[in-house]
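Please look over the following model with its charged side chains in mind. The briefing below takes the salt bridges and then the helices in turn.

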Amino acid sequence: MIHTVPNPKMTTQEVKSFRENFAKCVSKDFTPDKMSEIKKRVVRIKSNYNKIIQNSGGKNPILGH
């Protein structure tokens, strides 16, 4: 199990980078190349999800349903 850290130590640069990336995600301000990369990743994620569901008899083993 992955343990969360409520207040991770971050440098000022890491905070700034995180906020910039977060703002890009919210506004979907990506270059066309990055958007196509994201879409390919989403397709791959959905494909893997469907394979897991098919292999487990239609149940979601991750959630236990």
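Is Lys-34 buried, partly exposed or exposed? Lys-34 is partly exposed, with a relative accessible area of 32%, where buried means under 20% relative accessible area, exposed means over 50% and partly exposed lies in between (1.4 Å probe, protein chains only). This is a predicted model, in which local features need pLDDT of at least 70 and side-chain atom pairs count only at pLDDT 80 or more, while totals for chains, interfaces and linings use all residues. Residues are numbered from 1 along each chain as its sequence is written, and side-chain values use heavy atoms, with hydrogens and water left out.

**Salt bridges**
- Two salt bridges are found in a search of the whole structure, a salt bridge being a side-chain nitrogen of Lys or Arg within 4 Å of a carboxyl oxygen of Asp or Glu.
- One of them joins the side chains of Lys-34 and Glu-37 at 3.6 Å, N to O, and these two residues lie three apart in helix H2 (residues 32–55), about one turn of the helix.
- Glu-37, which is partly exposed at 41% relative accessibility, also forms a salt bridge with Arg-41, with the closest N and O atoms 3.5 Å apart.
- Through shared partners, the salt bridges join Lys-34, Glu-37 and Arg-41 into one network.

**Helix H1**
- Helices are DSSP runs (H or I, at least four residues), numbered from the N terminus.
- Helix H1 (residues 12–27) has 16 residues and reaches 23 Å from its first C-alpha to its last, close to the 22 Å expected at 1.5 Å a residue, the expected span being 1.5 Å times one less than the number of residues.
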